[in-house]
Amino acid sequence: MERSDCFVSVIAPVQNDARIVKPFVEEVMAVLRQSFTNYELVLVNDGSTDDTSVVVSSLLRDYECIRLISLSRSFGADVAISSGLDSVIGDFVVVMIPESDPPQLIPELIETARNGKDIVIGIRRDRNDEPVWMKAGANLFYWLCRKLFKIPLIQNSTQFRVLSRQVVNAITQVRDKSRYLRLLGAYVGYSSQTFTYDFIYRYRHRRLKGVVELFDNAVQIIVVNSVRPLRFASYLGLFASILNVLYIVYIALVYLLKERVAEGWITV
Amino acid sequence: MVCRSDRAKIPAFSASGDYDAVVIGGGFFGCKIALYLKEHLDRVLIVEREADLLQRASYTNQARVHNGYHYPRSLLTALRSSVNFPRFVEEYRDCIDNTFDKYYAIARVFSKVNASQFQIFCQRIGIPIEPAKNEISSLFNPALIEAVFKTQEYAFDAVKLKQKIREELEREKIEIWLNTCVDKVQETTSGKIKVLIRETESERCLRTRYLFNCTYSQISQILKASDLPTIPLKYEFAEMALVDVPPELKSIGITVMCGPFFSLMPFPPRGLHTLSHVRYTPHYYWQESENLTIKAHEAYSQIRKQTNFPFSIRDTIRYLPIAAECEYIDSLWGVKTVLPQSEVDDSRPILFKQNPKLPNLYCVLGGKIDNIYDIPRELNGLHLIEGV
Ligand SMILES: Cc1cc2nc3c(=O)[nH]c(=O)nc-3n(C[C@H](O)[C@H](O)[C@H](O)COP(=O)(O)OP(=O)(O)OC[C@H]3O[C@@H](n4cnc5c(N)ncnc54)[C@H](O)[C@@H]3O)c2cc1C
């Protein structure tokens with residue numbers, strides 16, 4: 001196959017992935033070498049506490065064009081990816097999660113991007129590997145986002161995506177602390193396309209996020225990306241104030257109209 | 001071993017093949033050292049492997065006459081550079097390009113200094129710094145660059161430097177053998193040092209009282225071949241891309257501080273700019289240890305020289321969008337040799353080392369061109385004696 005003449009950067013956040021990072025890197029590098037004239041792989045260590053950084057350091061010696069960015073502690077995949085975006089130099093940037101996203105799709109996705117789509121977004125085919133409560137939670141979350149908070153989140157979209165240089169430049173201009181990249185992509189307003197794919201499983205048992213973390217994540221997405229929660233709070237406050245006023249009126253009436261009011265009842 | 005010192009190449013006035021001092025390596029340091037030695041000694045010879053002087057590190061470098069800006073994290077080095085700068089500029093006035101404006105830009109992310117720290121640092125050591133005019137700072141991407149400063153830093157022209165030094169050498173009647181590669185050196189019973197020269201089918205030798213190994217990336221190689229104690233050095237196989245810049249950048253130089261960033265410096269001998277990048281200029285690193293030396297020269301000629309320009313230019317464009325109009329011409333390649341930290345204290349930023357087994361052999365390595373001003377003090381301490 002002819003290698004296509006463009007520069008592709010791959011960003012992958014890693015966290016406690018010592019066991020899978022080597023096969024992941026091997027596969028990605030094989031695909032990149034075969035398909036593109038220029039490429040780089042940027043691994044972002046999101047505060048791993050296992051030997052991820054040791055394994056990666058030895059990979060740095062074995063492969064050309066790999067870089068490692070180490071975050072001082074764990075900040076979550078979104079921050080890890082955005083610090084990768086601050087550093088990559090490619091014409092097209094692939095974001096992927098080592099545990100679940102198949103490197104073999106990269107050339108096809110880049111082709112789509114080169115044909116004029118600035119954002120190519122991955123969607124997982126199903127959530128069959130997740131327990132029922134998690135699926136239900138996810139459905140509820142997407143429903144809330146859509147209906148209540150009007151957040152343009154694509155159902156079951158993942159981090160796996162391709163961004164053009166223009167989009168990366170636009171995203172890196174946004175200096176927002178809490179960056180939820182799956183949305184930033186949608187906000188910067190470029191042409192996009194989705195693709196559906198099946199997760200691969202590098203771990204025999206998929207590592208699921210905890211309930212607390214997921215809930216936290218969901219709340220953050222909603223609060224940061226929608227003014228509606230703030231509105232609801234305002235309405236709630238207004239409603240409470242009105243109730244209060246009514247109550248005051250009621251007390252005043254009691255005082256004026258009733259004859260025998262218990263001592264001190266009004267002033268309490 | 002037959003010494004054939006009567007070969008035609010050896011000029012008549014040293015037909016004996018005996019010298020007071022031989023300098024191996026005709027780079028900037030070797031030549032200047034030969035000139036200093038000539039003040040005390042009669043017969044001084046430079047042996048150079050290439051067909052001309054100043055062909056290696058003294059030519060393939062960023063041409064920056066350091067004035068301190070580069071070292072915000074080492075006040076002493078910065079101060080020392082700022083002291084040497086006016087001396088160098090004065091002494092080599094004809095070889096200096098000061099017709100361009102030099103800008104230092106401070107990156108927002110991944111930088112080890114911020115704009116106000118950099119400014120305070122410059123003010124503290126007393127080197128000129130002022131905010132760049134809008135027409136310059138607007139060339140940069142404000143999302144990635146915090147501030148741009150106009151500074152005072154010049155470039156040297158290695159070809160003019162070579163011409164000037166050659167005239168000085170001629171004036172002082174210092175002998176130069178070009179196309180001559182030193183293989184190894186040996187101690188002789190008379191206390192002199194025998195220098196063996198490699199030729200295609202034979203070997204040649206000469207004798208000297210003092211020997212200076214000024215071969216930069218080859219210092220260890222010669223010591224190793226001579227079975228002498230070596231100095232573990234660090235090496236970087238470096239590439240600097242030569243580019244033709246768009247008109248807006250023609251008369252300026254740019255360095256982005258302080259981390260994995262780039263520098264776009266005028267390269268006077270070619271009328272082009274060099275693009276170097278902290279991440280992409282070094283293609284390989286290696287480090288010697290006591291019992292491991294690497295043949296830097298052989299490594300140099302064997303390594304595949306595939307340019308990193310596609311990488312360095314893409315990163316550059318992120319910070320300086322107009323760099324997209326740079327045209328790649330070719331690349332300068334060289335082995336940068338870095339002093340082992342153990343040999344350097346900040347008061348002596350050069351390697352100047354007497355060989356423990358062969359006391360009249362000295363190895364000299366300067367990390368940057370203006371370190372030449374640290375050499376005379378070392379030489380004066382030697383109490384050189386003349387005579388055969
Ligand atoms: C990529 C790069 C960028 C740099 N940028 C700057 C900068 O911007 N500013 C700055 O001040 N400094 C810079 N430097 C450092 C500067 O170039 C050196 O400090 C300086 O050139 C060293 O001079 P030299 O004479 O010791 O080395 P060289 O000029 O390399 O001289 C050594 C000579 O020895 C000869 N030789 C080697 N082996 C033998 C042998 N066996 N027999 C005979 N001859 C031999 C070589 O051919 C060579 O001519 C840079 C260096 C590099 C590599």
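The contact between chain A and chain B takes 18 residues from chain A and 11 residues from chain B. This is a predicted model. About 1,200 Å² is buried between the two chains, with carbon and sulfur atoms giving 58% of that area. One salt bridge crosses the interface of chain A and chain B. Over all chains, the structure holds 28 salt bridges.

**Interface of chain A and chain B**

- The buried area between chain A and chain B is about 1,200 Å². On the side of chain A, A:Phe7, A:Asp86 and A:Ile89 lose the most area to chain B, together 38% of what that side buries.
- The salt bridge between B:Arg314 and A:Asp91 joins their side chains at 2.8 Å, N to O.
- Two residue pairs are in polar contact between chain A and chain B, both residues at pLDDT 80 or more.
- Four elements of chain A each supply at least two residues of the side that touches chain B: strand 2 (36-45), strand 3 (66-70), helix 3 (77-85) and helix 6 (165-173).
- That side of chain A divides into seven nonpolar, five polar and six charged residues.

**Domains of chain B**

- Chain B has domain 1 (7-56 + 159-231 + 349-382) and domain 2 (99-155 + 234-338).
- The C-alpha centres of domain 1 and domain 2 of chain B are separated by 32 Å.
- In the contact, 12 residues of domain 1 of chain B meet 14 residues of domain 2 of chain B.
- The two domains of chain B bury about 1,100 Å² between them, and 46% of it is on carbon and sulfur atoms. In domain 1 of chain B, the most area is lost to domain 2 by B:Tyr216, B:Ser217 and B:Gln221, together 37% of what that side buries.
- Zero salt bridges are found across this interface of domain 1 and domain 2 of chain B. Three residue pairs are in polar contact there, both residues at pLDDT 80 or more.
- Helix 6 of chain B gives the most to the side of domain 1 that touches domain 2, with three residues. The residues of that side divide into four nonpolar, five polar and three charged.

**B:Ser226**

- B:Ser226 sits in the loop between helix 6 (219-225) and strand 13 (234-244) of chain B.
- B:Ser226 has a relative accessible area of 11%, so it counts as buried, the cut-off being under 20%.
- Its side chain reaches the backbone oxygen of B:Ile222 at 2.7 Å.
- Leaving aside residues up to four places away in sequence, B:Ser226 touches B:Lys184 and B:Val185.

**Domains of chain A**

- Chain A is divided into domain 1 (4-129 + 154-209) and domain 2 (227-268).
- The C-alpha centres of these two domains of chain A lie 55 Å apart.

**Salt bridges within the chains**

- A:Arg67 and A:Glu40 form a salt bridge, with the closest N and O atoms 2.9 Å apart. The pair links distant parts of the chain, A:Arg67 in strand 3 and A:Glu40 in strand 2 of chain A, 27 residues apart. Both A:Arg67 and A:Glu40 are buried.
- A:Arg127 and A:Glu130 meet through their side chains in a salt bridge at 2.9 Å, N to O. A:Arg127 and A:Glu130 are both buried.
- B:Asp330 and B:Arg270 form a salt bridge, the closest N and O atoms being 3.2 Å apart. B:Asp330 lies in strand 18 (residues 327-338) of chain B, and B:Arg270 in the loop between strand 15 (262-267) and strand 16 (272-277), 60 residues apart.
- B:Asp330 is partly exposed at 28% relative accessible area, and B:Arg270 is partly exposed at 34%.
- Salt bridges that share partners join A:Arg124, A:Arg127, A:Asp129 and A:Glu130 into one network.

Note on methods
Residues numbered from 1 in each chain as written. Chains lettered and ligands numbered in written order. Predicted model: local features only at pLDDT ≥ 70, side-chain atom pairs only at ≥ 80, totals over all residues. Heavy atoms only, no water. Buried < 20%, exposed > 50% of the residue type's maximum accessible area, 1.4 Å probe, protein only. Polar contact = N/O pair within 3.5 Å; in protein donor to acceptor, adjacent residues only side chain to side chain. Contact = heavy atoms within 4.5 Å. Buried area = accessible area lost by both parts, 1.4 Å probe. Salt bridge = Lys/Arg side-chain N within 4 Å of Asp/Glu carboxyl O. Nonpolar A, V, L, I, M, F, W, Y, C, P; charged D, E, K, R; others polar. Domains from an automatic or database assignment.
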